[in-house]
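Subject: Handover of a structure and notes on its contents

Dear colleague,

Please find below the structure that I am handing over to you. I would ask you to keep it open while you read the notes that follow it.

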Amino acid sequence: MSRHLPLHRGVSGLRNLSNSNDFWDSEVKDKTEKEDLDRNRASDQSYLSLSVGSPRSRHKLTVLFLKLSLVVIVILALTGSFWWTLSISTLSRGHIFHGYRRLQEQLVLDLWDIGELSLGASRMKEIDFCPEESENHIPCFNISENLALGYSDSSEYDRQCGQGSRQSCLVLPPVNYKIPLRWPTGRDVIWVANVKITGQEVFTSGSLTKRMMMLEEEQISFRSASLMFDGVEDYSHQIAEMIGLRNESNFIQAGVRTILDIGCGYGSFGAHLFSKQLLTMCIANYESSGSQVQLTLERGLPAMIGSFNAKQLPYPSLSFDMLHCARCGIDWDEKDGIFLIEVDRVLKPGGYFVWTSPLTNVQSFLRNKEKQKRWNFVRDFAENLCWELMSQQEETVLWKKTSKKNCYNSRKPGSGPPICSKGQDVESPYYRPLQNCIGGTHSRRWLPIEERPTWPSRSNLNKNELALYGLHSEELNEDTANSRTAVRNYWSLLSPLIFSDHPKRPGDEDPSPPHNMLRNVLDMNARYGGLNAALLEGGKSVWVMNVVPTSGPNYLPLILDRGYVGVLHDWCEAFPTYPRTYDMVHADGLLSLETSQHRRCTMLDLFTEIDRLLRPEGWILIRDAAPLVESARALTTRLKWDARIIEIESNSDERLLICQKPFFKKQAM
C-alpha cells in the first residue's frame, strides 16, 4: 500500500487545486467590476498613476523583465552548448560516454533491485533444490520433448533452447558423490557414483577409446600402465607416422596444437596427447547415460556437447589443427557430404582429418560392395574439397586440407561443393544451419599451420598478427599484465580461510593452494584469453574453457589461434555441458556486459546456471563494478554460497566477489 501513497496524494492535491481556482475566479471578477467603476472617475489620473509607479504596474514590469531575462539565458545556454559540442575533443566524448554507460548500468541495476524488492520477502528466500531426476539434467537437451515436437532424423539430439528451458532450482549431486581426485590422479581414476553410467555400458561400449577402462568397486580406472593404454599410444604413434613424423611428440613441430576429437569415447586419446602439450577438445552428442562428454570432463579433460546433425558448430572457421574421428558414429557419406564440408570449415589450412572406421578397411570391400560404394563417395568428395589423401593403413585414413585457395578454382566445373559467397561465409556462426558450400576462404586468417609459430610461441602474437583481429600490441600486453596480477591474487585467495573472521589477503605469507588444486576452469568472458595464458604461465595444472559471450565483441578466433580452446555462447541459455563440470568459474566484466544489453534473463538466472556447472566445493570469482558486485553478493545467500567481497585496489571502482559452493549431500532413501 505504501508504494501507492504518493500517487493518491497527487490526485487529492489536484482536487484541492480545482476548488481554490473557483474562489480565485470570483475574486478576480469582483475586482474587475470595481476597476471599471473607478476607471471613469480617475481616467485623467491614469497616466500619473502609471508614471508614479503603482504596485500593480511595478509588478507587471518586474514579471516582464524576468521573462526577457529568462529568454536571454536560454538563448545563451543553447548557443554555448552548440559551440561546446562542436569543440569537444574525442577524449572528452569518451569520458562522457563512459559516464553515460555507468549511469545506464546503475539505472538497470536499480530497476532490477526495485523489481526484486517489489516481489516481497518470498522472492528473497533461498532457492529450492531440484528433484532427484534433475541431477544430470541439461536444459536445452530434451530428446523426448523434441520427438514430441516433430524433430527426427537425428535432429532430436540437437540443442533446442526455448523460453521454458531455464532451470530455477539448485541441482544436488548424486547420493554417493565424492570430490574428484586431483590431477593427474583424477585423469586415470574417477568415482563411479559421480557419473551416470551402468556396468553394462562400461563392458559393452564399442568405441576403441571407450573400451579402455575398468570398473573397480567404487571407481572407474583408466590406468596408464594397462595393456589397453598401450593401444592408444600405438594408435597415436601410427597417426604420427602417417603424417611423416617420428612419433606423436613431433606433432607440435608439424604445426599441430589443438585437436577436435569427434565422438571421443571417454577421452583416452586426448588424455595421452595432453602429455605431449597437445590440447584435445572432445565433442559428442547428448547422452542421458554413459555420456562420453560427462566422463571425459570428470577426468579433467576438455569436452562439451556438440553434434553434426543439422547445425554448424559454435566455433569460428579455421579453428583446429586436426580433426579426429575414431568410430565416432557419423556417417560421412550421408546428406551429400555436408558433414565433411563442416569438417573442412573448422579445419585450418594445412590441417589434418583422421578417420578410423571399419568402412575404410580395404579387405572389407571384397566382401561388401555397399561398403565400397560408401568409401568411394567419401574418398571422391574429400578430393573435391581439395584434401590430399596422405596415407591409409588398416582402418585409419589421413587427409591433409589444402593450404592454397587457388585449388578450389582449379577443380573441374561442377565437381564438389561451391565456395561460399561473402554473405554465406560467416566467420563465427552460432548454431546456424549447416551450409552446403566451402567456408573460410574469405577469412583474413587463412594461414597454413606449418607457417604459424609452433606452440608455445603461437600464444604470443606479434604486431602484424594482432592486426588481423583489429588489435594493437599494447591492448594485448595490458590484458596479459592484468591477468598475471589477477592470477597471483586469485591463487592466494583460494582457501576456505577467506570466509573466516580473519581472511587471508593477497601477498600474505600463508602458503598458497597447490598448483593442482583446480583442473577444469570456465572463463565466462574470456576477452583475449588472458586468464588462460596467465594460468599456464604460472605453472597451474589447468585447462580453460574460454567462452566469448554473443552479447560482446568476438575475439574467439584470436583465442583459438593462440592455441587455446573456447566457444561462443549466449549466457541467457544453458551451457552445453553436464552438471558439476568445473572446479572454478571466472567472470570478469560479465555483469557489466550483460546489464548493458536488453537481456531476456536476470542475474539470478545467470547465477543458477553457474551453480549447475560448478562442482561441490568449487569456486566462483566475479570481478566487476562495485554496485554490480554488491547486488551479486546479495544473491549469493539465496544460492547458499559462502561469499566475501574483496577490494582489489584502493583507487579502483571495481570489486572482487569470491564465493565457494558448499557440498550438500543428498541422503540415501
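The structure, which is a predicted model, holds 22 aromatic pairs. One of them is formed by W543 and Y582: the ring centres are 5.9 Å apart and the planes meet at 55°, so this pair is tilted. W543 belongs to strand β12 (residues 543-549) and Y582 to strand β14 (residues 582-588), so the pair ties together parts that lie 39 residues apart in sequence. Both W543 and Y582 are buried.

A further aromatic pair, W571 with F575, is stacked, with 5.6 Å from centre to centre and 20° between the planes. Here too, W571 and F575 are both buried.

Ring pairs can also join into a group. F308, W332, F353, W355, W375, W387 and W399 are linked in this way into a cluster.

Rings also meet charged side chains. The charged end of R519 is placed over the ring of F274, at 4.5 Å from the ring's centre. Likewise, the charged end of K640 sits over the ring of F129, 4.7 Å from its centre.

Where is I438 found? I438 is in the loop between α14 (406-409) and α15 (463-467). Is I438 buried or exposed? Its relative accessibility is 0%, and because buried means under 20%, I438 counts as buried. I438 and I419 are separated by 19 residues in sequence, while their C-alpha atoms are 4.6 Å apart in space. Which residues are in contact with I438, leaving aside its neighbours within four places in sequence? They are I341, D344, L385, Y408, R411, P417, P418, I419 and C420.

The other residue is T608, which lies in helix α20 (residues 603-613). With a relative accessibility of 5%, T608 also falls under the 20% limit and therefore counts as buried. A polar atom of the T608 side chain lies 2.8 Å from the backbone oxygen of L604. Not counting residues up to four places away in sequence, T608 touches I127, Q167, S168, C169, L170 and L639.

Yours sincerely,
A colleague

Note on methods:
Residues are numbered from 1 along each chain as its sequence is written. This is a predicted model: local features need pLDDT of at least 70, side-chain atom pairs count only at pLDDT 80 or more; totals for chains, interfaces and linings use all residues. Side-chain values use heavy atoms; hydrogens and water are left out. Helices (H or I, at least four residues) and strands (E, at least two) are DSSP runs, numbered from the N terminus. Buried means under 20% relative accessible area, exposed over 50%, partly exposed in between (1.4 Å probe, protein chains only). Contact means heavy atoms within 4.5 Å. Rings of Phe, Tyr and Trp (its six-membered ring) pair if their centres lie within 6.5 Å; planes under 30 degrees apart count as stacked, over 60 as edge-to-face and the rest as tilted. A charge sits over a ring if NZ of Lys or CZ of Arg is within 6 Å of the ring centre and within 35 degrees of the ring normal. A polar contact is a pair of N or O atoms within 3.5 Å; within protein, one must be able to donate a hydrogen and the other to accept it, and residues adjacent in sequence count only if both atoms are side-chain atoms.
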